[in-house]
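Hi there,

Here is the structure I promised to pass on. Please have a look at it first, and my notes follow below.

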Amino acid sequence: MEPSTAIAPDDLVQRHARPGMSLVAVLHAIQDDVGFVPPATVAPLARAMNLSRAEVHGVITYYHHFRQQPAAPVTVQLCRAEACRSMGTEALAKHIESRTGCQFDAHKHGNGNGNGSHEHGAVGLESVYCLGQCALSPAMMINGELHAKVTPQKFDMLLAAAMKQVEQPA
Ligand code: FES
């Protein structure tokens, strides 16, 4: 089943699409409001912005920032850009995937098959491209909190702390 919100897709689009706004700005507003861009908003967005559904879908999938399902309780955003890559981000990504049993960017595909999707789990892995911490790479965010010079060991500690917070919210 497609992820949805309590707000009808048409109402969500009406709430955020204003004349003169770019599609990217509207998508940001929708995701800021409900946490993701529900797939059912593609058609009303296309109508409101005078675009084809394929164009809207293309923009949503092109930008790594936009997700089409709610974020996992623990969302790890790992920088995969150049400076971080040169400091071992890809090896770190492999470690994170094997540690969590999830795959990076499953949220973009929304396959919901339990193999990489966070739909049935607590962790979601997302690639991002530069967090402004290039001198302190590899960098990542966990639930919006920035972490620099992350090693596999440091990640394991950060993950354990984040999981604990989810299990026992403050
Ligand atoms: S390249 Fe990773 S923080 Fe800039």
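Phenylalanine 155 touches Val76, Leu92, His95, Ile96, Arg99, Thr100, Met140, Ile142 and Val150, leaving aside residues up to four places away in sequence; contact here means heavy atoms within 4.5 Å. Before going further, note that this is a predicted model, in which local features need pLDDT of at least 70 and side-chain atom pairs count only at pLDDT 80 or more, while totals for chains, interfaces and linings use all residues. Residues are numbered from 1 along each chain as its sequence is written, and side-chain values use heavy atoms, with hydrogens and water left out.

Phe155 also belongs to the largest nonpolar core, which has 17 residues; Val76, Ile96, Met140, Ile142 and Phe155 are the members that touch the most others. Such a core is a set of buried Ala, Val, Leu, Ile, Met, Phe, Trp, Tyr and Cys residues joined through side-chain atoms within 4.5 Å, where buried means under 20% relative accessible area, exposed over 50% and partly exposed in between (1.4 Å probe, protein chains only). At least two residues of this core come from each of β1, α6, β2, β3 and α8, with α8 giving the largest share, 4 residues. Helices (H or I, at least four residues) and strands (E, at least two) are DSSP runs, numbered from the N terminus. Apart from this core lies another, of 15 residues, including Leu12, Val37, Leu45 and Ala46.

Now to the sheet. It is open, with 4 strands in the order β2-β1-β3-β4 and mixed pairing; two strands pair if DSSP finds at least two bridges between them. The edge strands, β2 and β4 (145-147), each pair on one side only. Neighbouring strands are turned by 20° against each other on average, direction ignored. For angles, axes are lines fitted to C-alpha atoms (for helices over the stretch in contact), and values run from 0 to 180 degrees between N-to-C directions.

What does β1 pair with, and in which sense? β1 runs parallel to β2 (residues 123-128) over 6 bridges and antiparallel to β3 (residues 140-142) over 3 bridges. Valine 76 stands opposite leucine 125 in β2 and has isoleucine 142 as its bridge partner in β3. Threonine 75, in turn, is bridged to glycine 124 in β2.

In strand β1 (residues 74-79), 6 of 6 residues are buried. Val74, Val76 and Leu78 point one way, and Thr75, Gln77 and Cys79 the other. In a regular strand the side chains alternate between the two faces of the sheet.

Helix α6 (residues 89-100) lies across β1, β2 and β3, at about 160° to β1. Helix α8 (residues 152-167) packs on the sheet and touches β1, β2, β3 and β4, its direction making about 155° with that of β1.

The protein chain is divided into domain 1 (3-62) and domain 2 (74-167), with bounds from an automatic or database domain assignment. Their C-alpha centres lie 26 Å apart.

Helix α3 (residues 42-49) has 6 of its 8 residues buried: Val42, Ala43, Pro44, Leu45, Ala46 and Met49. These pack against α1 (9-16), α2 (23-34) and α4 (53-62). Just after α3, asparagine 50 takes a positive phi of about 60°.

Best wishes
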